[in-house]
Amino acid sequence: MFDLKSFREESKYKTQKEFAELIGVRQDAISRMEKNPETIGLEVLIKIANATGTSLDELVGYKKTFPEALEVEDTWESVEFMKRNITDYIAKYIESHSVKDDYSMMIEEVEALVSKGLRKPKMAIVGLSDSGKSTLINSLLGEEKMPTSWTPTTAISVYLKHIDDRPEFINDDVWIMKSQVGEEIGWDPNRLEDEAYCRAWFVEEGHLSILEKYAVRDGENTNDIGGAIVYLDSPILKVCDIIDLPGFGTGDRELDDQLSSKARAYADVVVYMSISNGFLRGNDIEFLKSVLNTLPAVEHESNGRNPLSNLYIVASQAHVIHRGNRAELNRIMDEGAKRLYSQVPEEIWGNRSEMTGLSYSLETLRSRFFTYTKDIDGLRKSYEESLIEYVESYPEVLCTKFKKALNEICNSNKVRIENEIRKFENIIEEREEYKILIQEIDKAEPKRKNESIKLKKIVEDKIYELEKESKKAFSIQYDNLISVDSIVEIIDEKGYTKKKEDSELLGGFLTSTLQARLQKVLKEKSMVLNDEINAYIENYDSLVKEIFDIESTNIDVAFDVERVFASGLAGLATFGGLAVWASTMGNLGAYILVAKGVSLLSAIGISVSGGTAGAAAAVAAIGGPVVLGIALAAIGALAVFALLGVSWKTSVAKKIIKTYSDDKVFAKFEYAITEYWRDTSVAFEAASTQLESGYEKYKTDLENMVNNYNEKSIQKEIKAARELHNFFVGMPF
């Protein structure tokens with residue numbers, strides 16, 4: 001079938017208007033024919049042939065030229081080799097040993113780090129509708145797999161993975177997924193191996209043609225559809241996954257922006273596309289500020305990676321700018337970089353610097369700008385070369401960090417097992433002393449429980465107090481910023497005018513500044529909580545040791561309070577301020593964060609820095625799509641500034657204050673604070689409950705062994721412990 005759109009774009013008559021004039025038809029007729037090629041009749045084909053000097057045979061047989069698939073070396077093979085080795089090693093051990101529950105948890109820790117940590121980077125392609133996302137993806141793949149059209153097409157998040165990654169329970173190329181299950185919006189791509197989870201989100205399966213039904217804005221039944229997983233055979237997908245995100249800001253569905261923001265939050269690499277002849281305007285800048293605030297910090301002063309190396313800001317359809325004039329494109333990107341940099345609050349750059357130890361200048365940001373068009377090889381060369389270098393080098397960096405994390409976990413487990421073995425040996429040698437100890441533990445138990453309840457209550461009260469303090473502190477920040485004097489000062493400082501574009505930038509700058517200040521408040525309060533959690537663990541540990549410190553015995557306690565408390569966090573979806581505490585725990589904290597869905601490189605980066613850097617990373621995502629929604633709503637409301645009169649600055653300020661009041665902006669931020677501390681409270685409850693039940697189990701197991709196990713049984717336990725110790729010693733990495 002004749003591809004009129006591609007034929008037109010590859011001719012010298014680039015626009016629909018030019019082509020319509022060339023063949024003597026109306027522009028809307030060209031639009032209809034490009035959307036529905038089957039309606040193109042012989043009469044029109046003859047007109048095109050005569051006007052362009054192309055024969056009918058050439059037209060009928062015309063095929064769109066398309067770039068070759070991006071040539072990428074499969075460096076991921078080394079990761080897969082290591083992953084298989086460790087997985088097989090674990091499987092063989094489990095198959096040949098009867099592993100008790102306590103030891104199973106240690107092994108599961110390693111399994112989780114392997115399965116969740118050793119994963120390909122996810123590259124999210126995002127931008128306003130009709131910015132050319134699907135075209136870029138098809139170009140990377142080397143063939144047209146994603147649906148494209150003259151209208152904005154992608155209506156759902158489409159995850160592209162290599163065919164070799166397809167789980168056994170998925171038989172077709174495509175699975176269509178719901179937009180929401182229960183209260184959860186957007187499915188989690190990190191759980192693709194979880195069959196029960198995936199089936200709960202499943203809608204329909206089929207071949208690639210099914211995307212035309214669900215993934216385009218004029219397709220069928222898209223209201224309840226949130227995503228698709230597509231398995232393809234393409235070189236680029238051997239080293240990374242690609243996420244084609246729905247274009248935001250269309251107004252088609254309220255869920256679009258939320259789904260796009262959530263899916264982008266899973267991304268390790270973000271490619272933001274903005275059309276060259278309208279480069280980086282209001283909505284673009286708002287979304288990019290959100291990206292800059294939450295983008296995983298894979299760079300760090302200790303690893304030599306370039307700042308923002310996992311961010312690509314792409315001027316798409318570069319051929320439309322004077323047929324790809326490089327000087328003009330560079331000017332457009334220079335101005336875009338200046339606009340974006342000037343609109344990013346200092347707090348966002350400061351937060352990132354705190355995480356990485358690096359500085360972020362205008363030049364740093366500008367270095368992440370690229371041009372793109374499928375029509376001119378030279379205009380996409382820089383982007384493709386940079387992307388190839390990043391994805392090819394990613395496995396080596398990941399493996400280095402993974403080995404370090406796994407080594408620390410194995411060493412930690414070896415120490416725990418050695419303590420267990422000493423405990424068993426002591427029971428054999430000093431059973432009578434242990435019997436005395438058991439009696440003392442039983443006597444002390446009512447007091448210990450009472451004291452542990454008091455310790456827990458102290459933290460619970462502190463969380464409640466910190467929530468109130470956070471709201472009060474943010475209220476002051478809000479009032480200081482959203483005031484007439486402050487807004488007028490910002491207008492002067494930024495040089496804003498009465499132009500519509502400037503009014504949009506002002507509204508967005510205020511909202512992102514509020515978000516940054518909220519994060520600063522929560523970071524500071526979370527560090528206070530950090531001290532409180534550490535005191536809780538230290539006091540609980542002292543409480544346990546006090547019971548074991550009996551003059552008539554010489555027994556060391558082998559109960560690891562900190563680790564048992566931390567294990568209560570690993571299965572949670574979110575843990576608020578306790579993420580800050582986890583980020584200070586080295587590679588054990590990295591394991592907890594990876595289990596939650598944080599990329600391994602980012603989690604390791606947090607643990608490298610710890611302290612306030614960990615706090616900066618842990619609170620970076622607060623607000624997310626909610627804050628973006630506030631910013632975009634504010635932009636719409638403020639677009640009338642250009643109509644204002646002489647005292648426009650004061651009028652603008654008053655209009656903003658009223659708009660923010662009408663839209664209940666403060667209440668939305670306050671709700672984010674409430675949710676943050678609610679998550680913190682839930683996480684602390686889970687961790688403290690795990691700690692208490694862990695101690696109860698430790699006490700019961702000890703009592704059972706002392707009173708009921710004979711020496712032969714204990715020697716059997718020692719043998720099992722030594723075998724597990726050897727398991728960690730022999731870990732193949």
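This is a predicted model: local features need pLDDT of at least 70, side-chain atom pairs count only at pLDDT 80 or more; totals for chains, interfaces and linings use all residues.
Reader: Is strand β2 buried or exposed?

Author: Buried means under 20% relative accessible area. In β2 (residues 157-162), six of the six residues are buried, so the strand is largely enclosed by the rest of the structure.

Reader: How do I read the two faces of a strand?

Author: In a regular strand, side chains alternate between the two faces of the sheet. Now take β2. Ser 157, Tyr 159 and Lys 161 lie on one side. Val 158, Leu 160 and His 162 lie on the other. Every one of these residues is buried, and both faces of β2 are covered.

Reader: Which strands pair with β2, and in which sense?

Author: Strand β7 (residues 225-232) pairs with β2 in the parallel sense, over six bridges. Strand β8 (residues 241-244) pairs with β2 in the antiparallel sense, over three bridges.

Reader: Now the surface. Which residues gather in the patch of negative charge?

Author: Asp and Glu count as negative. Here the patch brings together Glu 346, Asp 485, Glu 489 and Glu 493.

Reader: Which helix gives the most to the negative patch?

Author: Helix α18 (residues 484-494) does, with three residues. Glu 493 lies in this helix.

Reader: Is Glu 493 buried or exposed?

Author: Exposed means over 50% relative accessible area. Glu 493 has 62%, so it counts as exposed.

Terms used. Residues are numbered from 1 along each chain as its sequence is written. Side-chain values use heavy atoms; hydrogens and water are left out. Patches are made of residues with over 30% relative accessible area and no salt bridge: like charges are joined within 9 Å, nonpolar side chains (Val, Leu, Ile, Met, Phe, Trp, Tyr) within 5 Å. Accessible areas come from the Shrake-Rupley method with a 1.4 Å probe; for residues, only the protein chains shown count as cover. A salt bridge is a side-chain nitrogen of Lys or Arg within 4 Å of a carboxyl oxygen of Asp or Glu. The place of a charge is taken as NZ of Lys, CZ of Arg, CG of Asp or CD of Glu. Helices (H or I, at least four residues) and strands (E, at least two) are DSSP runs, numbered from the N terminus. Buried means under 20% relative accessible area, exposed over 50%, partly exposed in between (1.4 Å probe, protein chains only). Two strands pair if DSSP finds at least two bridges between them.
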